[in-house]
Amino acid sequence: MDGRLTRMLVECGDNGEIKRGMDGIVAAVLRDSGALKSAFTHGLIACVVEVPLKASIYGCLVGLVNLKDAVFAASVVSTMLDVLDEAIAGGDFRSAKLLLRFFAELVNSGVITGSAFLDLAMGVLAIIDNTNNTKPQLVDAIVFCVLGALPWASHHLYRSDPEGLQRLTSVVDAYMTRRRDSIHFGPLGLVFDALKVYRDCPKTEPYDQIDKLEHLWNQIQDLQNNNWDECLLMRPENAFFDELAAGTKHAVKEFVWPSNFHMTDIPEQEPMFWVFDDSVNTSEKVISELPSTQKIERFIMDDIALDTIHLLSHNHIECSHFLLNLDKFHKETDYNFHQAIVENLIRELIKLPRSQELSVYYATLLFDLCKGAPSKVPSAMGRSLRIIFSRMDSEGSGVGGGMDVECVRRFGEWFAHHLSNFNYTWKWADWSHTLEDDSTAKFSFIRETLEREIRLSYFDRIVGTLPENFSSNAAVFPAVAPNANFRYAAGFKSADIFGRGEVDSNLDVLIERLSRQLSTKLDNGSIISVLEDMSSHRKSTYNASDMAVEGFGGPAGSSWENDVVVRDIFVQNILFLGTKSFSHFLNIVERYVKILQQMNQEAEDRLHTVRIIAEFWKFNTQNMEIVLDKLMNYRVVDPISIITWALDLSVLDNDYSRFYVWTILRNVLFKVNSKVSQLREKIGINAMDEDNSTTQEALDKALRDQRAAFILLFQRFQICLQQLLDRGEIPESSSRWRWISGQMREFGRSFHIDVNRLKFTLEATAFVEPIEPRMLKIWNEIKAVGELLVKSG
């Protein structure tokens, strides 16, 4: 029966009969002598903090119980207050907000007075006056909780205790005034700049970006100007108005802030992002069917949708069910809840510095929604996509400004995933005008989306979905399927490859012999013998100046291990024999890994090997990513060599907006960090062992490698940016500057924990005065984000 009662609470109103559902629950609870009352209380707690769209129903339910059993209702109120205390003490701010909304609904249902609720809210806001508080983001979170609950009872509070409501808003107004200075002039302003979705644009393009708490305060002030009356929330208590008004009013104990509280997940107050902002509607055409962004109704729709998305992230099917029923639990209006849902899913998908859930969750949920409401959600999705695409590049600043490059990347990867669920069908012809300029973010978005589609499917499948002007444009879509770029394929001549006028037939014979022996899986000694013959032949055939000038190797007398041509021939053949499958690749690497390691003992050798791999797989960047990752595992190449290769204008001049470059770099840092984490965990598990010195030495080395990788990363970013300046590129109108500086900011945001820990080392090595002002601003933003988020954690 306990489980059935909880299910009744969760499903109450789903069939459209809210009153009947509530009557059934109340009757079931009050029929029982005690066991079901306990089950009701526990089920109510779970529903209040996990089913946000039914807060009005749950408040009304307690009001109906209060009419029949005031003592039990009082116990529910007391228990809920204890749960609120625990939520705040534990840093569970979402639950705290939803519990405060529940108490607001108790005001509407006649269970507590408006004054009692306002006293509770004022007690929670007492943190504002805590002079010992050093975490402004904690105060922001608490103010957001209180303001986020206020609209649920605002009109009742205005009628019953206008003076108390005014006192509360005055306290918040004073705090927001002080806070505004820190946003404009303090570190919070740097964090705000670092987390903006649109940057380097005119201030109002595409809209004036404002942080989430400031915007909610503006919406509350608009609500106040409208006599605190919103027009969206469902009011089931109105059906029982006279009875509920006569119910017993219960006391609410004073809220006292705990001396110690847990703060592991303080939400950052990020800049607001909209798809359907007020500017999309014109006198000729209405695109947004939502309340104005300045109205509290917009906040109510957004906040309930967001809470539902995150609270039910463990069950995307259940989540889609609740989202598609949002409109049933609000007053009947002309608002398009499907647009609000799509907008909030996209907001979370591209949220900086990170999304709360995995991107695959948002993609799966959007697919579920499209299936669940095929006449509603796809049209909202289509409008959203076209609006976001139109804003990727700034109208006022050109290609130098627009959407943050990390948001472009996430959006492109999601879009490809989304299209894979719908037969890769899209009206690409509508975006044909974008093909005229390959420096725009729009062009990059299309190119990278199509590449991702090929990865998810196959070349011939995707080419058939494209208009001719797309499929025939090699800059946006490859002319042939992804393939290897093997120098030494059948019919090669050394003269063609190495640029000499004469064919070196002896070298050609040796290359063919190496290929045969690798194919027949000869032992390492046999392979080394051929490599030695190649090196000896080259030293006897070419003098030192030939080898140096023409790039045929090191100085005379160098061995096969550091001969660049021998290395090129060997690595290319290894890669070619591994093209059948990754099992083949791993097998051949494991067979000859010692030779590969011998060839790559020096930093310049490893860098050369990375360049060989990049050249070999330049027409298949997915394989390039995987091969580099695997060869790091085998210690053939290392993070330093890959970072040095990637952050060089020889690569970035053409590929600065290619996602694969930044994915490779990101994977390198993930692997560096993963190694440190694994060793720390191993030391923790084996802490009682007498001899843990070997693991500790490995950890010390891993920490040195991690530090070196992050130092080099930011040094190379600055070198590339400075080279752009030196050759006369103007940052405000440079697409290269936008992407490279944007990725520098993004790596600082994504790896903020490591950057914050290493910030003094980085300032002493990578960011040494004098620093170019634009780079210094990015570095200050990175530091501010790291300091804020680490404090929040």
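Glu448 and Arg658 form a salt bridge in which the closest N and O atoms are 2.7 Å apart. The pair connects distant parts of the chain, since Glu448 belongs to helix H20 and Arg658 to the loop between helix H33 (649-655) and helix H34 (659-685), 210 residues apart. Glu448 counts as buried at 3% relative accessibility, and Arg658 counts as buried at 16%. The model under discussion is a predicted one.

Helix H20 (residues 441-456) also carries Arg452, whereas Glu413 lies in helix H19 (residues 405-420). The side chains of Glu413 and Arg452 meet in a salt bridge of 3.0 Å, N to O, so the pair ties together parts that are 39 residues apart in sequence. Glu413 is partly exposed, with a relative accessible area of 21%. Both residues belong to a network of salt bridges that also links Glu406, Arg409, Arg410 and Arg666.

A further salt bridge joins the side chains of Arg383 and Glu289 (3.5 Å, N to O). Here Arg383 is in helix H18 (residues 377-390) and Glu289 in the loop between helix H13 (241-245) and H14, 94 residues apart. Arg383 is partly exposed at 31% relative accessible area, and Glu289 is partly exposed at 31%. The structure holds 63 salt bridges.

How values were computed: Residues are numbered from 1 along each chain as its sequence is written. This is a predicted model: local features need pLDDT of at least 70, side-chain atom pairs count only at pLDDT 80 or more; totals for chains, interfaces and linings use all residues. Side-chain values use heavy atoms; hydrogens and water are left out. A salt bridge is a side-chain nitrogen of Lys or Arg within 4 Å of a carboxyl oxygen of Asp or Glu. Helices (H or I, at least four residues) and strands (E, at least two) are DSSP runs, numbered from the N terminus. Buried means under 20% relative accessible area, exposed over 50%, partly exposed in between (1.4 Å probe, protein chains only).
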